[in-house]
Amino acid sequence: MARRDNRSLTASLLRVALLGLVAGAAAFALPGVAVAQQDLEAFDFGYIGWNDDPRYSEARIEREYQGEPWGRPVDGARVAIDEARFPGMAAGVKFGLEEQLVANTREVLDSVRAMRDAGTRFILLDLPAGTVSRVAEEFAGDEITFFNVAAHDDRLRGAHCQANLLHTIPSDAMRNDALAQYLVSRQWNDVLLLVGPERADKVVAKSFQRSAKRFGLKIVGTRDFVLGNNPRERDKNNPKLLTSGVDYDAVYIADTQSEFARNANFAIQKPRPVVGSAGLVPQAWHWAWIRHGARQLNNRLEKKADRHMTGYDWAAWVAVKSIVEAVQRTESTDYAELASYVRGDEINLDGFKGYRMGFRDWDGQLRQPMLLGTGNWVVARAPLDGFLHPDNYLDTLGFDPRESACTLANDKKGS
Amino acid sequence: MRFNRSRQGRLALAAALLAASPALFAAGTGNLYVSSEDDDVVTVFDGESLEKIDTIEVSERPRWLAFSPDHSKLYVACGDEDSIDVIDVAEGKVTDRLTDIDDPEIFAIGPDGKHLYISNEDDAQFTIYDIGEKKIVSQVDVGQEPEGVLVTPDGKTAYVTSEVANMVHRVNLDSHEIDANIVVGNRPRRFALSADGNTLWVTNELSGSVSLIDTQTNEVSDTIDFKPQGFRPEDVTPVGIKLSEDGENAYVTLGRANHVAFVNAKTHEVEDYVLVGDRAWGIAQSRDGKQLYVTNGLSDDMSIVDIAERKTLRSIPAGRVPHSVVIDTAAE
């Protein structure tokens, strides 16, 4: 993409006007913004997802599981593209979006190549952690930045982190740290942990164990659950039996499929809250969040997609927004300049959550508040009062430089 | 409708009589009017004693307030009922409603008193509305979440902020077209214009700053950052702004940082921060220029600030979620 002159639309209009005056054209009028639109340079984002993604099956979307996507996050990206119209005009570009739905990893790689060859430099990946990792690796060294908008897996920000990969969706660690802060603030210190049969469930449970240790929660028991009504497995599929014989302040459920968790709320032995995959759920966004302009953003997504906005939509929205912000502030479309600005300390990203946000230079994760929500309300926003960090309070959520297994910015770790 | 229709005739007569005796209006009553979002009322305070003297019921979620140029009417944006209510100041009641205005938040009145200029937050539009005809004259597409509106004293130009696009649009009020887009800080909110018309002040809520725009070149000439001690940058959220009548000072409400910044309008230096209530937004200056009134949206009160002493004298209850405060001063 060609480097543009560092000048605002206003300035160029003015220059034209001055020229007009010099030429003695008395009736010269400022050209309207509509005229200038024809000269806009195309600036496209890419979006890649599975065409047959079980998360978006009609049946699953209808259930509106807490913490799960309720539609493809590309809708969030589309809202951001609409919002970028005027900033684009001022910078001399027209932002656009190319959506590709594919069947397998090979097709993902082909799509990225095609996008790259067409000049697309910023690509949103709505793909599982393993595929995200593979794709970023394949294009290491290319002029492409990928945005992970769907995979929470901590390892993508840790041992498997990559320089060309930014994460706008929060990590499991960030979500669990937010929840742990809340539990500690309520003095609900004893937690019973229920873990599902999926491999991803174990990953989430492990992440919660880290958060529990970090904030001083006590895990009073860890029990595996299975789905079903098989009477021979009642001790594993019945929420009441699974939660009896032990005392606790809250039950954390690690259930990436959400079906068991949804049913467990109010069905456990004791009158205690359920948290994690149901009940009180930490998320990047919630449709009932109303502060900091959230109501208007929710309205825009609802208008666009005819459904409520989720954390996944937010992640895609803010990914596009981060690059638009970089274009606006650098007055440039040069890849190196944008890639550096978006990762830098100077960026002041407005995520409608009330904090100034930017990307962590040690692992590419967007630092952001977490919203702790029930089905229809946001109970709290983390970081909660009293949880402090020497550099940035948002860094009480997730891996800070000292804890990170990512080696992208080793110089940060000595401090 | 909440007002009593049968009284309209009498009110019109009263207004006509009052308008015929301008001397009565010249000084204004000095009363303070405060909108409270969650009570659906505008509360009236005596300008001297600061006693509550009246409560005027309005439509749902009243926010922005502005007087007609002759101060006979007070317009109230009521977002949840898509209405701008019209309060007859002499009568102290809503006597008319301008309806079907989508989610109005902030608006300005033209110098001739005939037009309203409104930002429609949800539709990314700037609406030019004819008060006499009660109809929309024109709508201009602007960046998402338009907020602050300012019309120049000559009535020829309007400025509108877009909170999402991080810019100020300059709208030509003859052609109803945008003729300049000026990139400012993040989440620009509200305006103040210097008396000579050359400098436009814009608060940037998320950047914690004010941008100064040179209205001749349409470029940002300076940026003032606010850093009150003991506050996290994300809590420093400037929204309201007021330039003193003498043009010497600017007062900026800092939102969640619970302070008003005192800025030297000539040197652009921040001279002081004065503690007020929680989420300070609305701001007005008293008739004698000695006090500031600041509405605090999250502590449900209004701070009375002594300008010379640079301290808050007291706070008075101002309804639930007080949004804006205006003073019935001399007619313009």
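In chain B the average pLDDT is 91, and 91% of the residues reach a score of at least 70. Where pLDDT is low, the predicted coordinates should not be read in detail.

Two packed helices are described by the angle between their axes and the distance between the axes. Helix α4 of chain A, residues 74-83, meets helix α14 of chain A, residues 311-330, with axes that come within 6 Å and cross at roughly 35°. This crossing of α4(A) and α14(A) is right-handed. On the α4(A) side, the contact is made by A:Val74, A:Asp75, A:Gly76, A:Ala77, A:Val79, A:Ala80 and A:Ile81. From α14(A) come A:Asp313, A:Trp314, A:Ala316, A:Trp317, A:Val320, A:Lys321 and A:Val324. Sorted by class, the contact between α4(A) and α14(A) holds ten nonpolar residues, one polar residue and three charged residues.

The second pair is helix α6 (residues 105-117) and helix α7 (residues 129-138) of chain A, whose axes are 10 Å apart and at an angle of about 40°. The helices α6(A) and α7(A) are therefore oblique to each other. Their crossing is right-handed. The residues in contact are A:Thr105, A:Val108, A:Leu109 and A:Val112 from α6(A), together with A:Thr131, A:Arg134, A:Val135 and A:Glu138 from α7(A). Four of the residues in the contact of α6(A) with α7(A) are nonpolar, two are polar and two are charged.

In chain B the text turns to strands. Strands of a sheet pair through backbone hydrogen bonds, either parallel or antiparallel. Strand β9 (residues 115-120) of chain B pairs with strand β10 (residues 125-130) of chain B in the antiparallel sense, over six bridges. Within this pairing, B:Tyr117 has B:Ile128 of β10(B) as its bridge partner. The hairpin of β9(B) and β10(B) has four residues between the strands, and B:Ala124 takes a positive phi near 50° there. Strand β10(B) also pairs with strand β11 (residues 135-141) of chain B, again in the antiparallel sense and over six bridges. Here B:Gln125 is opposite B:Asp141 of β11(B). The hairpin of β10(B) and β11(B) has four residues between its strands, with B:Lys134 at a positive phi near 55°.

Further along chain B, four strands make an open antiparallel sheet in the order β16-β17-β18-β19. Strands β16 (188-193) and β19 (219-225) of chain B each have a single partner strand and stand at the edges, so one side of each is left without a neighbour in the sheet. Direction ignored, neighbouring strands of this sheet are turned by 25° against each other on average. Inside the sheet, β17 (residues 199-204) and β18 (residues 209-214) of chain B form an antiparallel pair over six bridges. One of the bridges joins B:Thr203 to B:Val210 in β18(B).

Last comes the contact between the chains. Chain B gives 28 residues to this contact and chain A gives 24 residues. Strand β15 of chain B (residues 177-183) supplies the largest share of the chain B side, seven residues. By class, the side of chain B that touches chain A consists of nine nonpolar, nine polar and ten charged residues.

Note on methods
Residues are numbered from 1 along each chain as its sequence is written. Chains are lettered from A and ligands numbered from 1 in the order in which they are written. This is a predicted model: local features need pLDDT of at least 70, side-chain atom pairs count only at pLDDT 80 or more; totals for chains, interfaces and linings use all residues. Axes are lines fitted to C-alpha atoms, for helices over the stretch in contact, and angles run from 0 to 180 degrees between N-to-C directions. Helices (H or I, at least four residues) and strands (E, at least two) are DSSP runs, numbered from the N terminus. A crossing is left-handed if the near helix is turned anticlockwise from the far one by less than a right angle, and right-handed if clockwise. Two residues are in contact if their C-beta atoms, placed from the backbone, lie within 7 Å. Ala, Val, Leu, Ile, Met, Phe, Trp, Tyr, Cys and Pro count as nonpolar, Asp, Glu, Lys and Arg as charged, and the others, Gly among them, as polar. Two strands pair if DSSP finds at least two bridges between them. Angles under 35 degrees count as roughly parallel, over 145 as roughly antiparallel, 65 to 115 as roughly perpendicular and the rest as oblique. pLDDT is the predictor's confidence in each residue, from 0 to 100.
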